[in-house]
Each structure stands twice: as C-alpha cells, then as structure tokens.
Amino acid sequence: MISVAVGEETPPTPEAAPHIAVVGAGLAGLAAAIAVVDAGMQVTLYERAPRLGGATWSFQRNGRWFDNGQHVFMRCCSEYKTFLERLGVSHQVVQQPRLKVPVMRPGRPTAHIARISAPAPLHMAGSLLCYRPLSVGERMRAIRTALALRRLNLEDHSLDQQSFGSWLSARGESEGAIAGLWDLICLPTVNLRAHEASLALAAKVFRTGLLDAPDGADLGWTKVPLAVLHGEAAAAHITGCGGNVQMSAQVAAIGEGPCLTVGGEEVAVDAVILAVSHEVVDELLPSNTLPQQKALTNLGISPIFNVHFVFDRTVMDVPFTAVLDSPVQFVFDRSEAAAWKRPYNSEQVVAVSQSAAFGEIGDSPSELIERYYLGLVDLFPKVAEAEVLDAVVTREHGATFAGRPNTARLRPESATAMNGLFLAGAWTATGWPATMEGAVRSGNVAAQLAVQYCRRGEAHQSPKVESLRRERARA
Ligand SMILES: Cc1cc2nc3c(=O)[nH]c(=O)nc-3n(C[C@H](O)[C@H](O)[C@H](O)COP(=O)(O)OP(=O)(O)OC[C@H]3O[C@@H](n4cnc5c(N)ncnc54)[C@H](O)[C@@H]3O)c2cc1C
C-alpha cells in the first residue's frame, strides 16, 4: 500500500502552487482532488455529469431519496474510511461492531454468517460449522478450503489465470456449496459469480476481509444518501480549500504538456490525473499513450440493478439480508437514508440489490418490479399485506469492470509514459476488485505521484505548456 504523505511537507503558497487537473469526479477523482488540495496545490476537478460522486449517486423522487445502488464497505477498507474522516462524514455511516449477515431462504430458518471474538481464522469457524444452507460435510470442507485460501500467495500472478470457481471445484467444493456460501461473498464484492471471477480478486477479498484479521469484514453502510456522503461533502471540502470544481464539464481530450481540451478551449496544467472509467480512456488520450490502451475495453463491464420499493409499513425487521433459493440476492432497509432531512413516518423503503445481473439488466422495469415484489413476498409475509406506495428500478449496465481471469495484466499502474499524466480509477492496478476502497486507493496513489512530480520540478518544462501559457497570458 502506498500511503499518502503529500501533506507532510510545507505546502507552497497558493499563487506559486502548481496546478493539477483531475478529470472525473467519482470516488477516485474526489480522493485525488482532496489529496492534491491537502498538499497545498491548486486543483481543478472536471466532471462531465451535473453531479459529483460518479458510480455513487442518488436522486429524489416524490420527496424520498434513493441511491443508484446499495454501497457496502468492510472494516478493512481503510483508505475509504480515512476518506470519509477527511470529509468529516464518518458519523453518517454505520459500522457493525461484529460481522453478522443473515442468510434467508424462503420458508426456512434464517442462517447467519457471523464472527465471534477470536483470532482469525477461528473467528469464523463456529459460524461455518453451524451454517445450515450447507450439509455437514460441505461445512467441514468449507473450513478446509478457507484454510487453503489463507495459504495462497496474493503476489502470485498465476492466481489471476484461473477462476475462483474452478479453484473451488478442484478443492472438492460442490456446486451447492459454491452457490450457498462462496458466491454469497464473491457476487457483491467482485460483482461476478465464483465461476466467472478471477481467483486473484476473490482471494484478495476473502483474505483481506475474512481470513487475515478477525474484524476485517465487519460491514458498514451509509445512513444518508450517497450524494450527501460523497459528492456534497467532497465539493464543500475541495472548494473550501480553494479548489475549483466544474460540473457538466466534459473533457474532450488530453494531450502532451499536459494540457486538456474542455469546452472547446485548451487548458495547460502542470499535471493531469485521469480518473474516468476504463471504457472512455482511449477516447481521451493520444494513441499508444498507455501500453494496452485499446485493450482496456477487454476489462469488460458487469451490471448491477436495484429495485426499490416503498411500503406503507415495516415489512422487514433486519437492516439487510442475503438471500438464497430465490431470485433475490440481497435486500436492504434504506428507510433512514430515504427520509434524509424529512420527518420519519411509518413507511419502509426496501432495496433489492442484484449483482452481475447479465441476464436481467435489459428486462423492463415493470417485469423487474413484479418479479422482485414476488421474491419479497416469499421472504417477508408482511409484504403481502402492505401497500406499495412507490417502486422504481435503477440500472447500472457498467457498474464495475468485470474482474474475470486474465484481467490483472490489463489494469495499468498510475504513472504513465506521458509527462505529467497519472491514472486513477477502481479499474487501475489496485489489486482490489472494483470497489469504493479500490477507487479511493487509486486516487490517493495518483495524487501522491502527481504532487511528487510537481514538487520535483518536472512540470513547467514542456515547450508546449510554456507556449500555451504565453498564448493565454497574451489573450
Ligand atoms: C449499483 C452499484 C453498486 C455498487 N456497490 C458497491 C458496494 O457495495 N461496495 C463497493 O465498495 N463498491 C460498490 N460499487 C462499485 C463502486 O461504486 C465503484 O467501484 C467506484 O465508485 C468507482 O469509482 P471511480 O471513481 O473509479 O469511477 P466512476 O465512479 O465511474 O467515476 C468516473 C467519473 O468520470 C466522469 N467522466 C467520464 N468521462 C469524463 C470526461 N470526458 N470528462 C469529465 N468527466 C468524465 C464520469 O461521469 C464519472 O463521474 C458499486 C457500483 C455500482 C454502480
């Protein structure tokens, strides 16, 4: 891990401070922009959308707030949590004191994946031994498999050459155990089922979250709309430190210098942090700026959709649950965030969250609402008695890159061959799947490199930048 130490040196005065442009205001760009202003440099953040937060956004409908998708983090997401602290919004998230995930199956008792207070990996052993969705033999095998996962060397590049599912099968895990246990964690974290996911990415999640430290997987989530937690708070911080935030500002190109074209004008800066999704990088950069620029689209995309229901009464009595033997994957009670800055009432806002939903993402909203309403009826009998006050579907076709085998080699490091250009984004070489933690880490690394680059005085040397500066000064 590269820690951000950019704030430790004496910041230059604002007038003399180098100017760093950050393109893209998802979590990677926001983290980068914050690290840059915290280091005392000038920043301009360009975002093509009329809002900040990228893949974490919210909207209002009939007075209630809805997030585009449920965003959960684990206690091991250290840089994301530091980011929230920096924004002063840590009090707006919940963190479980101890991991406990209910696993519901229609018509059957609820099982739990939970930890006890014991050193890793013993902290999970009791829960696995009692985990009813698996047979007794499958539970014993799962413990052996978890220990084998713990012995994997995460630095071993060959881990990325096979799927997590094939590795599990080779250890004798049945298809039932893969669906009933391993997919339950792989799906929401890698956004692929075990048979499609890279072993390297799945192992990273299981090791960092569940197997290396006892408290790594304690879950956290936001109590307020994501737009408030991330976008609003970050905008206030960046502008409060003298940074410039430009929304609805699509950067059309980035060139040597570095300079960028935005709103039909060329802007010369000392460094650029490009924090857009992997799908648009090639459109913005000169050909062959990155070694595998054209191949970035081979990282693929994996969809997530959410079906949000507003019921006139409480229908579920847990904050969230995983689900098996049902089309439903996860259900969250989002009433608190939905009622942000509104008086509470008796209604309940419930979100069904479906990851790697390749087969359903194209279905019509009415089909999805009907299918998942029936899924909820099977889980929570009170749903059948309740009135549905509102229902809405949010779809993210390219929610994340698809962390399949052989994708690690496509994920570039932050530093590039172009002077003054640095990359950020959850899809870059963070070692993490596409997560909020990965995005923030990538932004921190890019900011650290860009600030170091400017401090070393490597900026200001390009003749093109100097001539653009002179032109602008004359204009
Ligand atoms: C529905 C859903 C659920 C998720 N659930 C979880 C979860 O539970 N836990 C978790 O950790 N992660 C989750 N994720 C993943 C996580 O949200 C992402 O990995 C992370 O937010 C990506 O951040 P980013 O900054 O790398 O990219 P993005 O958020 O994609 O940001 C890129 C930004 O660049 C902007 N941009 C693009 N082109 C230009 C241009 N030319 N000029 C200017 N701006 C441009 C875009 O508008 C965008 O704002 C989820 C994602 C989705 C969609």
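A: Three strands make up an open sheet, ordered S5-S9-S6 with antiparallel pairing; strands are DSSP E runs of at least two residues and helices are H or I runs of at least four, both numbered from the N terminus, and two strands pair if DSSP finds at least two bridges between them. Strands S5 (72–74) and S6 (93–95) are the edges, each with a single partner strand, so one side of each has no neighbour in the sheet. From one strand to the next, the twist averages 25°. This is a predicted model, where local features need pLDDT of at least 70 and side-chain atom pairs pLDDT 80 or more, while totals for chains, interfaces and linings use all residues. Numbering runs from 1 along each chain as its sequence is written, and side-chain values use heavy atoms, without hydrogens or water.

S5 and S9 (residues 219–222) pair over three bridges, in the antiparallel sense, and Val72 has Trp221 of S9 as its bridge partner. Val72 also turns up by the ligand: 33 residues surround the ligand (a heavy atom within 4 Å), and the closest are Glu47, Ala55, Val72, Ala426 and Met436. Polar contacts here are pairs of N or O atoms within 3.5 Å. A polar backbone atom of Ala55 sits 2.7 Å from a ligand oxygen; for Ala426, a backbone N or O atom is 2.8 Å from a ligand oxygen, and for Met436 a backbone N or O atom is likewise 2.8 Å from a ligand oxygen.

Terms used: Axes fitted to C-alpha atoms, helices over the stretch in contact; angles between N-to-C directions. Polar contact = N/O pair within 3.5 Å; in protein donor to acceptor, adjacent residues only side chain to side chain.
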